[in-house]
Amino acid sequence: MNDRRAVSRIVEILRAGSRFLLATHKEPDVDGISSMLALGLALEAAGKRPQMVTECPVPPPLDRLEGAEKILVVERMGHADATLVLDCGDLKRLGGLGPRLQGTRPLINIDHHATNTRFGDVNFVEPDRSSTGEMVFEIIREAQLPLGPAVAGNIFAAIQGDTGSFQYDNTSSRALRVAAEMVERGAVPWEVSRRMMNRYPRARLELLRKALETLEFHCRRNVGIMTLTSEMFSRAGAIRTDSERFVDYPRFVEGVEVAVLIRQTAEDAYKFSLRSNGMVDVAQLAVSFGGGGHARAAGFEVHGDLETAKAAFLEEARRVLDEKFASRYTAGGQG
Ligand SMILES: [Mn+2]
């Protein structure tokens with residue numbers, strides 16, 4: 001089924017049904033939560049009964065998104081006519097929610113990750129989209145669901161979040177057009193920024209202070225890495241979302257092609273968040289370690305000790321970089 005047909009199929013399902021389960025990936029980001037809220041609030045305004053669920057309570061600052069109090073952590077899913085999974089590249093990324101959601105069919109997969117496994121019964125997957133929020137806007141428009149200020153604010157937040165406040169290379173004219181339309185429909189950019197970014201807790205800066213101490217460069221300074229252990233989080237009094245965008249510090253250093261933020265997620269587990277400045281496809285790099293994502297933003301999780309995991313990653317990164325530099329050289333300096 002191509003994606004145009006996927007949109008019509010989703011519209012039919014939303015029109016015909018009444019109760020819907022909505023979910024996003026574990027350890028959600030702004031795009032995941034805002035997309036869920038935008039679609040959930042629009043369905044509610046149309047007289048439907050959406051149920052928005054997460055594995056864990058929505059952490060700050062995402063809990064300040066309009067409507068976030070309606071997202072619930074539930075043990076048992078109620079009956080529903082369909083499940084919509086947003087911004088999630090594969091079922092594994094649903095964490096503990098995965099098995100509980102798959103009982104409700106059809107399973108609708110709305111996502112923009114290049115590595116999406118097309119796990120749904122209906123897959124609306126377009127990797128050239130800035131954000132899942134941009135795709136949700138299209139669903140809302142095609143289904144003619146009400147699009148008031150709260151929905152507009154969430155779609156704006158999703159696009160702003162995934163484009164790094166309109167800085168990254170996914171800042172397309174389409175993303176900007178949808179963002180502009182959301183402002184016309186009542187989104188207030190200043191207010192969204194203030195809710196999401198301009199009200200950081202002090203703990204975030206304490207955590208950043210510790211993170212910067214760990215900054216290191218590898219592979220002829222083409223790779224910049226920062227590492228956050230669980231101990232650093234607890235000593236800073238910080239939570240996971242406080243490290244959001246830390247990876248931009250090594251990323252925006254001259255000469256860096258691949259930036260990495262390593263975050264300890266359990267006693268012997270580490271999450272690698274990868275960012276590329278264009279030369280390296282970090283989604284492919286992440287896939288070779290069991291993860292996925294976008295060409296310029298991807299990630300994976302490893303079990304074991306940190307030094308081994310880092311060495312394995314650097315070996316693969318070095319190989320990919322050497323290949324890229326070699327091909328650039330033979331191509332006469334173009335790349
Ligand atoms: Mn996204």
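How many of the 16 residues of α2 are buried? The count is 14, so α2 is largely enclosed by the rest of the structure. Please keep in mind that this is a predicted model.

Let me stay with α2 for a moment. The helix runs over residues 30-45. Just after α2 comes Gly 47, with a positive phi of about 85 degrees.

Now to α1, residues 3-16. The same kind of check works here: 14 residues at 1.5 Å each should give 20 Å, and the distance between the end C-alpha atoms is 20 Å, which agrees.

Which residues of α1 are buried? They are Ala 6, Val 7, Ile 10 and Leu 14. Looking down the axis of α1, these buried residues fall within an arc of 100 degrees, so they line one face of the helix. As background, an α-helix has 3.6 residues a turn, so residues three or four places apart point the same way. The face of α1 turned away from the buried side carries exposed residues, namely Arg 4, Arg 5, Glu 12, Arg 15 and Ala 16.

What do the buried residues of α1 pack against? Their partners are α2, β4 (107-111), β5 (122-125) and α4 (132-142).

Last, the domains. The domain assignment gives domain 1 as 3-196 and domain 2 as 202-330. Their C-alpha centres lie 27 Å apart. In the contact between them, 12 residues of domain 1 meet 10 residues of domain 2. On the domain 1 side, the touching residues divide into 6 nonpolar, 3 polar and 3 charged.

Terms used. Residues numbered from 1 in each chain as written. Predicted model: local features only at pLDDT ≥ 70, side-chain atom pairs only at ≥ 80, totals over all residues. Helix = DSSP H or I, 4+ residues; strand = E, 2+ residues; numbered from the N terminus. Expected span 1.5 Å × (residues − 1). Buried ≥ 20, exposed ≤ 12 C-beta atoms within 10 Å, placed from the backbone. Arc of directions from axis to C-beta. Contact = placed C-beta atoms within 7 Å. Domains from an automatic or database assignment. Nonpolar A, V, L, I, M, F, W, Y, C, P; charged D, E, K, R; others polar.
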